[in-house]
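Student: Could you walk me through this model, starting with how far to trust it?

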Amino acid sequence: MAMFSLSKEATAEAAIEAAALRSDRFRQDREADWIRLEAIVTRMEKGRLRRIADEDVLALPVLYRTVASSLSVARETSLDAATLAYLESLVQRAWFLVYGPRTTLWSWLGRFFGGEWSRAVRSIWKEMGVALLLMIAGTVIGWQLVLIDPDWYYALVPTDPADPRVPGASAEALKGVMYGNQGQDGLSMFAAYLFSHNAGVAILCFALGFAFGIPPLLLLIHNTAMLGALLWLHDDKGLLIDIIGWLSIHGTTELLAILLSGAAGLHVGRSMAFPGERGVLEAAAAAGQRAAVVMAGVVLMLVCAGMLEGLGRQLINDTTQRLVVGYSILAFWLAYFFLFRRVPIASDAE
Amino acid sequence: MSQVRPKRSDRRRTLVTPEGIALPLVLASRGTRFGALLIDLVIILVLMTVVTLAALYSGIGLLELVGKEFDKAEGSLKYSLEFLVILYIAVMFLFRHAYFLFFELGPRGSTPGKRATGIRVAARHGGRLTTEMVLARNLLRDVEIVLPLVALITAASEGGIYSFVSLLWFGVFALFPFFNRDRLRAGDLVAGTWVVEAPKSKLEVALSTTESAASGTSTATGASYKFGEEELAIYGEYELQTLERVLREDRHEAMVAVHEAICRKIGWNPGAGDERAFLEAYYTQLRARLESGMRMGKRKADKHA
C-alpha cells in the first residue's frame, strides 16, 4: 500500500499509457507520414506542380505505399471508423495521382505522331475498306440517280439560290465557281469555318458509330451521293477533270478524314455487336480507345483540309497543280499510316 | 441511416491496387452527375456568351474606329478583323469540344462541375486513366446531349411519327446511365471509364486519447467509469461506430439518449450531467475489448452476433 501511494502519480500516468489503445499508439506513430502525404496530394491536386519540392514528388510513391500499408494494418487492428475513412480516402487520392495520367501534352503528342496514330489507323483497316466501298457506292449511286432524273440533284445537293451550280448551268458558270478566284478576301476565315464545321461532322460520324455502326454508313453514303451528283453535273459539260482537281486539293485529305471517322465509328459498333471472346464492355472500351486515337488525328487532318480548301484552292488556280498538291498529300498520308510502322515505346495504355 | 444504407451499398465497388489493397469506391449517383453536367454546361455557355459579346464589341469598335463597313475594310484593319473571326471560331470550337478534355486530363480527373459535386473520372479496370480514355469518353457527348435535345425540341414543336422515333432513338443515348448497374453513360462504355465519388475526409481527433476516455475518469466530476466484461460484451462493432458518430457529432440530446440506452442495457442507474465522459469511457473500453478480440481473430459485427 505504501508503495502504491508513493508512486501514485506515476501509476496514473502509466494507466493512461496502458489504457490508450494499441491502435491509437499505432496512429500516433504514423500520423506524421499521413499528414505529409495529405499535404503533397492536396497541392498536386491543385495542379501547382512547380510549387512542390522535388523531394516531395520523389516521396509521393514511397509515402503512398507507407500509408497504404497503414490502411491494411488499421483495417485489421483498429475500429476507429473516422481514421479508417480518412486513410481510405487518402490512399484513394494518392492512388489516383500515383497511377493517374502521367503524360504531359508534349510526351503524348510525341507518342501520338511517333507511331501510335498510324498504328491505330492500321488496326481499323478492315473498317476502312468497308467505308471506302460505301463511299464509292455512294458516289456511283449519286451519279446514277442524277443521270436518270436530274431533279435528284436538288434532293442530294443542298443548293442555295445564289449558287450557279444547278443542272442546265453553262460550262462558263461552272468554271466561274472553280476558277473564279472569288477575290482573296476572307480566305483564312473561310478555312477556319470549314474546319470547325467539318470537325463537327466527323465527330458526329464517329459518335453515331456507337449505335452498332449503322448511322455512319448512312452518313457516308449520303455525303458521297452528293459528291456523285456534283461530278455528274460537271461531266455533263466536259469539266470532269476540272471538278476533280477543284475537289482533290483539299478533298483527298478531307474525304480520307471522313472515311477514317466513319471507319472508327464502325470499329466501335462492330466490336460491340461482335465482341468475340471478351465481354461487350471490354471489347467496346478497347475499340473505343483505339478509335479515339484515330479521331484525334482526324481533327488534325481536318485542320489541314480546311487550310487547303480555304487558302490553297483559292490561290492555286490550275487543275494540274491542284491535282499534284491533292494527290501528293494523299500519298503522304497513306505512306505515313501504312509504311511508318515504328512501335511507340512505353505506351501508358498498357 | 438504415434507409440510406442499401442504396449506397448498391453503388459500392472495390478496386484492388497493384499493392493488393482493396480500396472501396462509391460510384457517383446519376443525380450528382447530372448536377455536375449542368454546372459545366452553364460555365461553357457563360464563357461562350462572354467571348461572343467581346468579339462583337471589339469588331464593331474596330469598324467604328475607321467608319467603314466590313466588306470595304482594307489593309491592316481587314487583317485584324479576319484574325478576330478566326480566333472566335477556334475559341468556340475549343469551348465546345476541348473543355471537358482539358479538365479531365488534369491531376484531379474532373471538370469544375465534377469538382464542385465531389466526383471524378476513373478507369474501370483499376489501372491508369489514359489520355485515350478521356478522348473517347468525350467524343460521344454530341449524341448524348446535343442530338437528344434537338430531337426533343423537334418532337415538341413539330410532332409527327418521324420526330417521335428520333426522340426515342436519341433518348436511349441520353438516358443510357439508367440502363446499366454501373451508371455508365455511352461515353464511359466506349472509353472503359466510370465516374466515382472523390471523398476528402479530414483526419479527426482520436476519441479514445482524451484524458477522461483513456483513464475512464471524468475530469468534470471525478467519477470513475470502469466497465466489466459482461457490460462490454453486449455490443459489437456496429454499435461502436454508432457511438463514435454520436460522440463526434457532439449533440447533447443524442448523447443523453444513448447514455440512457446503454445504462438501461447494462443495468446501471443513469445519472445526469456527465454523459460525455461516460460515453467516452464506454467507447474506449468497448473499442479496447473489440480490438483485442480482433487481434485474436474474433470479430463481433453487432449486438446480435
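Predicted model: local features only at pLDDT ≥ 70, side-chain atom pairs only at ≥ 80, totals over all residues.

Student: In chain B, in which helix is confidence lowest, and in which is it highest?

Tutor: Residues are numbered from 1 along each chain as its sequence is written, while chains are lettered from A and ligands numbered from 1 in the order in which they are written. pLDDT is the predictor's confidence in each residue, from 0 to 100, and helices are DSSP runs (H or I, at least four residues) numbered from the N terminus. In chain B the lowest mean, 55, belongs to helix α1 (residues 4-10), and the highest, 91, to helix α4 (residues 112-117).

Student: What does chain B average in pLDDT?

Tutor: In chain B, 93% of the residues score at least 70. The model as a whole has ipTM 0.77 and pTM 0.77. For chain B, the average pLDDT is 82.

Student: At which residue of α6(B) does the kink lie?

Tutor: Helix α6 of chain B (residues 141-157) reaches 24 Å from its first C-alpha to its last, close to the expected 24 Å, which is 1.5 Å times one less than its number of residues. The bend is the angle between axes fitted to the seven residues ending at a position and the seven starting there. Here the kink is about 30 degrees and comes shortly before Pro148(B), at Leu147(B).

Student: How many residues of chain A are in contact with chain B?

Tutor: On the chain B side, 60 residues take part. The chain A side has 42 nonpolar, 14 polar and 9 charged residues; Ala, Val, Leu, Ile, Met, Phe, Trp, Tyr, Cys and Pro count as nonpolar, Asp, Glu, Lys and Arg as charged, and the others, Gly among them, as polar. The number of chain A residues in contact is 65.

Student: How far apart are the centres of domain 1 and domain 2 of chain B?

Tutor: An automatic or database assignment sets the bounds, giving domain 1 (8-139 + 185-197) and domain 2 (141-180) among the domains of chain B. Between them, 6 residues of domain 1 are in contact with 7 of domain 2. Taken over C-alpha atoms, the centres are separated by 22 Å.

Conventions
Helix = DSSP H or I, 4+ residues; strand = E, 2+ residues; numbered from the N terminus. Contact = placed C-beta atoms within 7 Å.
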